[in-house]
Each structure stands twice: as C-alpha cells, then as structure tokens.
Amino acid sequence: MDYLDKLNPQQKEAAIHKNGPMLILAGAGSGKTSTMTHRIAYLIKEEGVSPYNIFAVTFTNKAAQEMRDRVEDLIGGGLNMWILTFHSACLRILRKNAEYTGYNKDFIVYDPTDQKVVIKSCIKEHNVDDKKFPPAYVLSIISDCKEKGISPQDYSKINGSDFKNKIIYDIYSAYSAVLKKNNAMDFDDLILRTVELFEKNDEILTYYQQKFRYIMVDEYQDTNLMQYRFVKLLAKEHNNICVVGDDDQCIYQWRGADIRNILEFEKDFKNTKVIKLEQNYRSHGNILAAAHSVIENNKGRKHKKLWTDKEKGEKIKYYRADNEKDEARYIAQEIDRLNSRELPYCGFAVLYRTNVQSRTFEEALSAREIPYRVLGGTRYYDRKEIKDIMAYMRLVQNTADDLSLTRIINEPKRGIGEKTLEKLRVLASVRNESLFDTLSDDEIVEGLSSKAAEGVREMISVISQFSGEKDNLRVSDIYDGLLVQTGYLKNLELQNTVESEGRIENLLEFKSVIFDYENEDPKLSLSEFMEKVALLAEIDNHDAGENAVVLMTLHSAKGLEFPVVFMPGMEDGLFPGWRAFEKPDGIEEERRLCYVGMTRAMQRLYMTSAELRTLYGKTDYTKESQFLKELDKSLIDGDAIYEKKHTSDRNLGWSQGGGNDGYSNPEIFRPFEQLKYIKQNRAAGSSNSNNTGSDLSDLKEGDKVIHSKFGEGLVLSLDRSTVSVAFDSVGVKKLARDIAPIKKV
Ligand code: ATP
Ligand code: MG
C-alpha cells in the first residue's frame, strides 16, 4: 500500500472509505482528483472490487484520459473500466439500448455547428426574423430546456404563448422534429435521453445500478440538473457515490450548472461522509494568496482557505501593454527568456477569456519560432473539406441524415442547384422519407437533368456500397474510398490552386487522425470513430507530451496545471466580459473563472492588459479589469496598476520580428508540427495511397488473401459482385468485391 503513503491524512481517509456516500469539498490543487484516483486503486487492489463495478465520470475527454492513466499507473496495467465523460458514458448506454430510445441504432451526434445549421433552417422556414431571434439565442433556450427536461409542449405550458414564446415553441418543435427525422441527437440529448431511458425502463436501470456499485464524479460543482438526475438514478441502489468538487470553481452556470448540487449533496444522500482538504500542493505561496485575494470578493461562497508549505516564489507579474500586439510580444518574449533557462515550452500556458484572442499570440509566437498548439474548439473540424468528408462518412453510417446529404449533394459539383435541391426536399417530405431514399428511387432521378441524374446515381451507389460494407472495412479504408470514389479528391486536384492544395493537405492530415485512433484500437468501427470526433471537446487536442506552448480558453483549463501561466486581456468588458454585468451572478461567475485561471499556475503567474485593443474590428481604449483592483497589491510586481508607463520602457528586449509586417504572411502562423505531419503522411500516402478498389479480376477460389481489417483469409467462393472469405480472425465474411480492402497474398 505504498501508494497511499504519499497522501496526507485527510486524503488517505477519503481514499480508503469504502461504502456510503462521500463528499470531498476542497479548493483548487488540494489533490481532489488525485484522491479519487487513489481511491479507485484502493478499491481494486485492497478491497477486491472488480473494475467492472466502478464508474468514474468527469467533464472533458482529456480529464478522463488523465484519470485513466493515473489509475493504470497506480494499479499497474490497463483495465477496461468506465472512466468517461458524461457524454461518452451516456452515448455508450444509448447505443447499447437504442431500441428502447425511439432512435435507430446508427443514430449520429450533431455538434454545435450542425445544430446551428439546423436551427437556421428552422428559423428561415418559419419566416422568423433572425435579427430578433438569433440562432445562438434560440439554441441557448433550447439547450436550457433540455437540461431541465422541458419539452416544446412543456415550454408552452410553462411560459404561455405570447408572440415570443409561440415562436420559440415553433422553432423548438421544428428543431426536435428535424433531429428525430435525421436520426440525430445533440449533446444535450445524450444526457436527457439516457435519463428518460432509465426512468421508463426499470430493467435497464437495474442493470446499470447493479453494474456500477461504486460511482465517482469529479468537478461535481459543474453538473447541471440532468447530469445530477443521471447520477442520482444510478447511485440509488448501492448509495456508494463519491463526489469531489469546489464551489469556488463553478464556471458553467451559463450552461446550466447548478452549484446547489454540491452544496446540498449532504441533504440528497443521508449519512454522507464529508472530507475537507486544505493543503494546496500545486502553487507557490504568492500565487495562492493572490488567487484568494480575488475570490474572497465573492459573497455567495463557503468560506475556506488553503495553505501551502511551498516557498512564496515570485510575485504575480503584471504588464500593461500599449495594444494587443505589444501584449502578445511581451508574452512571447517572456516565454523565450524563461525557456532559455531550461523550462520546456510545454510548461507554459496562455489562458484567455475568448477564442478570438488567440490569433495575436499565434503571430507573436510564430515570429519567435516558438512551437505552440491552439486548443481552439472545433476549429479544425470546422474546415470546409473536413466537414464535407465527415458528412460523407456520416451518411455511410446513417443514410437518414438529410443534413449531411444536403451538404454534399453538390460537393463536388453534380449539377444540383438550390432550386432542384429544394424541390427534392419537398418531395422527400411529402413521401415521408429521407432525402437519401428519395434519391435512391430511379424514377425521381430520371426527372433530373442528365448530368445531375448521372452524378446522383453515382453518389448514391458509392454511399450505399460503403454503407452496406461498413462493418467489414477499416475506417481509414472507408475514408480513402470515399475521397476517391466520390470524386471529391480529384476535383480538388483539378482545381490546382493554392487553396485546393491546402485543402488536400488538410485531408491528408485528417487521415493521420484516423490512423492515430486505429493504432489505439485496431478494431475501431465507423460509429466509434464518429463518436470520438463528435465528442471532441476543445481540450482534447492537448497532448502533454508535445513540447509546445499551449493556448486555450480559461474554461477549458479546468483541472489542469502548468509551471507558468499567462492571463492576458485583464480588462473590464473582456474579463469580466460585458455580458456578465447583465446577469445577477454574472460577475461572481467570472470571478470564479479568474480563480480557476490563477490556480492553474504552479511557479509563475503573469497577468497582462492592453491600453488599446482591437476586437471584433473595433479599436477602443480599455480599463483594467476590476479583478486586478481586487488583487492584493503587495503580491504584484511590474507596472503599478492604474499608472501609465513610459512607452520607451517597452522597447527593451525586442530583438527581432518586431516590425509590423514582419509576420503578416499567414503561412507562418501554421503550427509547425502540422506541416511535419502532412509531409510524413504525404510520403506514406503516395506509395500506397489506398488499398480499396484494388484489382481483383483474377481472384479465384482457394486464393489466400489479406484484408486490412480482418487479416489473412481464404477465398471460398465468388461471383461478379461479392467474394466470400474465411478469415482466421472472424470466420466467414461476404464482401463487396468492388471495395473490399483485400490483396492476394
Ligand atoms: P483542481 O481543483 O484544480 O481540480 P485538484 O484538487 O483536483 O485540483 P490535483 O490535480 O489532484 O488537485 O492535485 C494538484 C497537484 O498536487 C498535482 O500535481 C498532484 O500530483 C499534487 N498532489 C496532490 N496531493 C498530493 C500530496 N499528498 N503530496 C504531494 N503532492 C500532491
Ligand atoms: Mg481536479
């Protein structure tokens, strides 16, 4: 039990608690997550609990991965345990029990960008003014409803049907109908539908209650009502639930997180053991004290104070820059300076309030040739070509997905204009079937122009073929096959422009994403892959092994730690943001976010602001953030707050790359590793671009073949379109001859 010796007495008490509810309520960096992983190890190693009976849940895939790694380190070796995010856990449960959900088992998950497309079309169809009802606003109401389990009908009952509410009701209903018809769920649905599944099906609920005898929830302060109900239902049978969290770090109230879930845990679960941890192991003394001096201004909080036996360390460095470029240059310069003292690049994080701030830092870091990674939301997956190919892949998985079909029907050009498409959609809706089914009807296709008819037939045939064979193909084979056979890649090649070249590179890079997943799990299915991509939260691209500075939002930094942290943009209006002033608890929530940011720092913390800032195309003078005012002045080093500095001071230390045009070429903003990746994959791709559609004209019975997914096998029989192969690994499979990824041995 050596591993428990490292824990302090309170942590240890929590780690060896076996039965009954437990609440670990403690401040940042006090070892809450560590305690939880030790408890998992303890239950398995000393109490003989089966990993099968443990369920640990958290918010981001990154946090879940880290938890899994830490547990595996402690118990030595990999275990197949449910250490997952809420979304992926619910997705697994729904997939397994799809027949009880009213969805087809191949249902897909719509990410926020997809949601926006759907909501926009609903708004348009109802002739609603999108200035008065912006898509983001309507979506936030819908999301709020789903988190509380409020259906469109309930919405009307609760809010009445005055003009505004009637419109919301109409759009919410239309939105739900589109998702249902497309066999798609959004993120909120994942939790909501699982709770419904449990509430309506006793047997299913009992199965999971029996399975999960020990439930653990990290970051419990950020659970919303639906997540709370999910956890509560599961824990009802065995009552072995352990939650950990910190009320000072609740930063998702705007998305429905309810701080009461943690504050009232003791009421919900009788005889709760409560553990408080008070020692912070993460940060130097000054950082901790500074973070406290800010959070103390929040009124609605449980009083608690952390201590540390670490040295006081450096004071908080504050720099008031001339403008945002100067701010970014200062940060890049400091990273260079500290890096030359042997602090690796991956020890630095720049944590900003909003994603739009990232670009200036990218420019400044590139100018100094400092490697960095931007964890910028779904940005990568938002690129047009990636969205297109993903739409094809989704259709292969779920042909009912009209949204995806609409996206790619004319990508590449098949002579289907907006009007034709609209007619086809109306037709599909009259026939009460999916667009795909309508287009599979030859009579209808004949009515199109001859070019369009030919294009549609080909497209439908390629998608049907892959759809029928999806379980017999590796994801990378499906990907290659679609790129080639739909003509998408060729079309880009023909364009032969700088832009199309860039798109091809991105598509090649995407292949390496698929390869990475396949390396982890050689049996990866298409639906598993689509799920992984759909669930990627911004934080998930963070690879701690990579030696690069990390840029991300404050929200996504929750639970993480870095030796050096920069918090730029400390200005009223940016942080706290303007919108915070409009909500009752707005400023307090922003202050908690500030506390989260500051407590990510282990050794050094920098805060900066810019006197002039250009944001969303407007340049304004700024006021320093009120959080800076609250900060204990004796802990700050640098520009005295609210005093103007002489501009000349700022020129010290700028060696190169300072000219305005020195880095205006967008090419060099590209992360370096990205280019590397592409080149490697291009080299690999050219020698063996894909093995689907290989020439099997001389194949005969008795031939030995090798299949990219199933390995070696023997040809049993074959006709013009299919080939039956007996595989050592999976038995006999009948494959579509045209696209089977097999080669003669
Ligand atoms: P957050 O509130 O930010 O999620 P946390 O309470 O979950 O923080 P951890 O991430 O578990 O804190 O721990 C913070 C750091 O302190 C980690 O680097 C961890 O390894 C270290 N740590 C935790 N407990 C101890 C201990 N007893 N002795 C030494 N180091 C510890
Ligand atoms: Mg933690």
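The model is predicted, so local features need pLDDT of at least 70 and side-chain atom pairs count only at pLDDT 80 or more, while totals for chains, interfaces and linings use all residues. Residues are numbered from 1 along each chain as its sequence is written, chains are lettered from A and ligands numbered from 1 in the order in which they are written, and side-chain values use heavy atoms, leaving out hydrogens and water.

Around ligand 1 there are 20 residues, of which Lys32, Thr33, Ser34, Glu561 and Arg600 come nearest (near: a heavy atom within 4 Å). By class, this shell holds 3 nonpolar, 10 polar and 7 charged residues, with Gly counted as polar and Asp, Glu, Lys and Arg as charged. Helix H3 (residues 32–45) gives the largest share, 3 residues; helices are DSSP runs (H or I) of at least four residues, and strands (E) of at least two. Polar contacts (N or O atoms within 3.5 Å) include one of 2.8 Å between a nitrogen atom of ligand 1 and the side chain of Gln11. An oxygen atom of ligand 1 lies 2.8 Å from a polar side-chain atom of Gln249. The protein buries 81% of the 640 Å² that ligand 1 exposes when taken alone (Shrake-Rupley method, 1.4 Å probe).

Helix H17 (residues 358–367) is largely enclosed by the rest of the structure, because 8 of its 10 residues are buried (under 20% relative accessible area, 1.4 Å probe, protein chains only). Among them are Phe361, Glu362 and Leu365. Their cover includes helix H16 (324–339) and strand S10 (348–352), through contacts within 4.5 Å between heavy atoms. After H17 comes Glu369, with a positive phi near 55 degrees.

Technical notes:
A polar contact is a pair of N or O atoms within 3.5 Å; within protein, one must be able to donate a hydrogen and the other to accept it, and residues adjacent in sequence count only if both atoms are side-chain atoms. Buried means under 20% relative accessible area, exposed over 50%, partly exposed in between (1.4 Å probe, protein chains only).
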